[in-house]
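Student: I've got a model open and I'd like to talk it through. Can you take my questions one at a time?

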Amino acid sequence: MNTAVIAIVLLLLTGLAYQIGWSKSRGLETTAGRLHSRPSYHGSLTVVWALVPALAILLLWLFFGGSLERAYVLSLLPADVAAQTGPALETAIRRVRDIASGFGVAGQTADYENLAGQSLREFQVLAFAIVVAATAASGALAIWLARGRIAPRLRARNEFESVVRVLLIACSAVAILTTAGIVASLLAEALRFFSYVSPIDFFFGTVWNPGFATVGSAEGDYGLLPLLWGTLMIAIIAMLVSLPIGLMTAIYLTQYATPRMRDLVKPVIEVLAGIPTIVYGFFALVTVGPFLAGLGDAVGLDIRATSALTAGTVMGVMIIPFISSLSDDILRQVPRAMRDGSLGLGATPSETIRRVILPAALPGIVGAFLLAVSRAIGETMIVVLAAGNSPYLRLNPFEPVSTVTVTIVNQLTGDTDFASPQSLVAFALGLTLFAMTLILNVVALFIVRRYREQYE
Amino acid sequence: MAEQFTISPASADSSGTTERLARIRQGLKSRHGRERRFQMYGIAAIAAALGFVAILFGMILVKGLPAFTQAAISLDVTFDPAIVKVDPKPVQAQGQSAADYQRALLDWQRQVTLVNWNRVIENALRTAAPDMEIDTRQALSIVETNERFKLRDMFVANPGLLGQRVNVSMLGSANVDNWLKGTINRDLPDSQQQLSAPARQLADRFAEAGRITFPFAWHIFTNVDSRSAPAAAGLAGAFVGSLYMMLVVIVLAVPIGVSAAIYLEEFAPQNRLTDFIEVNINNLAAVPSIVFGLLGAAVFINYFHLPLSAPLVGGLVLTLMTLPTIIIATRSSLRAVPPSLRQAALGLGASRTQMVFHHVLPVTYPGILTATIIGVAQALGETAPLLLIGMNAFVAAVPATPLDQSTALPVQIYLWQGNENRNFFEARTSAAIIVLLALMLGLNAIAIYLRRRLERRA
């Protein structure tokens, strides 16, 4: 109900403001001649004037209304009730609120509760009326002021456009705020973690065994290296799967395939890019893992169903479309003249590709490769489901491993205290992950951009 | 070197020429062989990639489709007054406060709940198979545990059922479903079977008699998740949670993203700050999604004390995650607008803002729409950041008021795949994946359709 009233008041203000601004300027046009701005801009500017104070008052009420009401309820309660703390006090306040709302409370009510409920009801009605009146009045005052400003020489359009521009700038600033938020929150929580565990033990420790959460103590070992090694091993396997397949696909599609085949195959491969990672994780767990384990049995290798190999293979499949579409773009940027020159000298198409096109496209492909590695490092759900979560330093890819991302999930989703080092370590891991991907991305983007400039 | 390749037919030294020709032919042969092999590698790579798509979809369809039909037992249930012993339903008296009536109604409902509904079900089972020797627990194990609440709700809605006999279709338990569909090995010894031997016999007998059928399992879409009654678990809660999050994403990410793209592409002066924003956005697009989850846990949950597991928080995190995608895609479609359009508008005296909003932006609507759908589809499938803001069990030193706890579709998939009843939940998880993929495909289809329409009109 209340929201509807407020919405109606705001809508009325908007409509009224636009109408007044528009008709005043329109009238002026007939008497005083040409205006600087069209009437619609005068109308829009008046709307801006009307909404700013009205919204400011509503925001103030949104932020401070609740505590004001609470203070009022507390002042109504008898001293001995108000002196309670914790849940008892909350119950008392809620009972008064329920009585005030008219729903009532079950059982007997004390006299003071009924009185308080009655007063609170009056207070709520009065407060709401005051807020609505203040909103409407400030809006109306602003409209009156804005109407007074309307004159043939008022540059309403320019003023309105600068308001629009400020809004646009504010929206672009969200991106910076997000980065700042990520860096600040990761750094702050990671520093809290480093007050428990020294950075040297964290970055160079070879044992990961964080123990259980007990606030204030950091029992256990927080060595990053086993996790980092697991992450790297899976990324390497993923690249071994995806680089040849993705690159060869791109080469075939750009150099050999007929346009018809290209139109048919490309979207199907790109379907792989749109599949949620949790689906790949399930695929790895249910199909690929058992298949690889069976394959291992058949050739006499001990391959575990959840292992670095399983997670890496499926992650490689996930990255294929990423590599193929990036390399596709890059291969097509190689100037046609280079290709034609090579073919004209009698080289076969494959010789042209291997000796001319690939070397020319190499920097771009390296950039694509680095971007793909950064994706593989940050991928979470596949490894959560299929890597086996066993944080030990092992060289064997057939054994289960754990990664940085898996550990972040494990440390933050258990029954742990947020302030304990067992939870805070997730932020130190996140910071490491963020730093690694940032470096990879910056280098990759730099290489790709340089490469693009080379042929433009 | 050059003369080695000159082939002169009128050469006197004909033996040398043939030898040279043979060598060239030999070389050509191996070069062509290499060429063919190279092409084969390309075809093999494409086949591998297409094969992965086929295997992935095939596996999920094969596993998931059977889960959309589920064993249901049709039983004649008698609401026997000897078992259903309850007072008449209370009526709100004149002058009774809402709270007091609520209390009385709840008391009555508690009474109804305390009725031994299992007994009612057991009687119905025994009437259907009077000669079976089976004890109560075994008999009840073939019906899903929460079907008794179905009877209770029927009774609460219509107390006039007392003493009557109605035909009710009840869900079979997950184990019956496994047994009849053969997802559990029928030859396993008794000790490894989930159902006792008499219960298996009863299930087989009902199936033969046509009492157990496999209708389409609508409850997958209408029920919420359930741990105690796995056969009745559904996606409704997760679906609505995802829907809320997508609404938050659309309401926040699209206006902010498009505005940011317009500013950066059309208004921003070329200076350090703009460069910084650009680098920033490019990097944000490649930041792992889990880092956004960490941001949500640290800022929204721990700092602003927003409730855990709330779709609002999930939506905010996903908004931040999809913003770069939308900004980058919108910018590229703005960049594709021919400069002549801008010059024409400016030349006729339009201001920069007018030029952008009246002339450039309308041309890019199809592009913005595609960008939005790509972003929403990406957000719809994202799991990792949601785990960190408590979309599953997450207890922290945060004074959490779990107001609107919810999961999302991908998180539901994550939770189901971890269920202990693997035989049943593998199919159920695949079914949930089919639903999720169908939603994403639907979104993309809508995008393509709208895009074609808009482009035709433009």
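Student: How many residues of chain B are in contact with chain A, and how many of chain A with chain B?

Tutor: First, some ground rules: this is a predicted model, so local features need pLDDT of at least 70 and side-chain atom pairs count only at pLDDT 80 or more, while totals for chains, interfaces and linings use all residues. Residues are numbered from 1 along each chain as its sequence is written, and chains are lettered from A and ligands numbered from 1 in the order in which they are written. Two residues are in contact if their C-beta atoms, placed from the backbone, lie within 7 Å. On that basis the contact involves 73 residues of chain B and 75 residues of chain A.

Student: Which element of chain B gives the largest share of the side that touches chain A?

Tutor: Helices (H or I, at least four residues) and strands (E, at least two) are DSSP runs, numbered from the N terminus. The largest share of that side of chain B is 18 residues, and they come from helix α1 (residues 14-64) of chain B.

Student: Is chain A spread out or a compact globule?

Tutor: Chain A has 16 helices and 2 strands, and its C-alpha atoms fill a box of roughly 85 × 75 × 40 Å along the principal axes. The globule rule is 2.2 Å times the number of residues to the power 0.38, and the radius of gyration is taken over C-alpha atoms. For 456 residues the rule gives 23 Å, and chain A is well over that at 33 Å, so chain A is more spread out than a compact globule.

Student: How far apart are the centres of the two domains of chain A?

Tutor: The bounds come from an automatic or database domain assignment, with domain 1 at 2-154 and domain 2 at 208-454 of chain A. Taken over C-alpha atoms, their centres are separated by 53 Å.

Student: What's the orientation of α8(A) to α13(A)?

Tutor: Axes are lines fitted to C-alpha atoms, for helices over the stretch in contact, and angles run from 0 to 180 degrees between N-to-C directions. Helix α8 (residues 225-256) and helix α13 (residues 349-378) of chain A have axes 10 Å apart and pack at an angle of about 140°. Under 35 degrees is roughly parallel, over 145 roughly antiparallel, 65 to 115 roughly perpendicular and the rest oblique. So α8(A) and α13(A) are oblique.

Student: And in chain B, how many residues of domain 1 are in contact with domain 2?

Tutor: Domain 1 of chain B covers 68-228 and domain 2 covers 236-457. Their C-alpha centres lie 43 Å apart. Domain 2 of chain B gives 9 residues to the contact, and domain 1 of chain B gives 12 residues.
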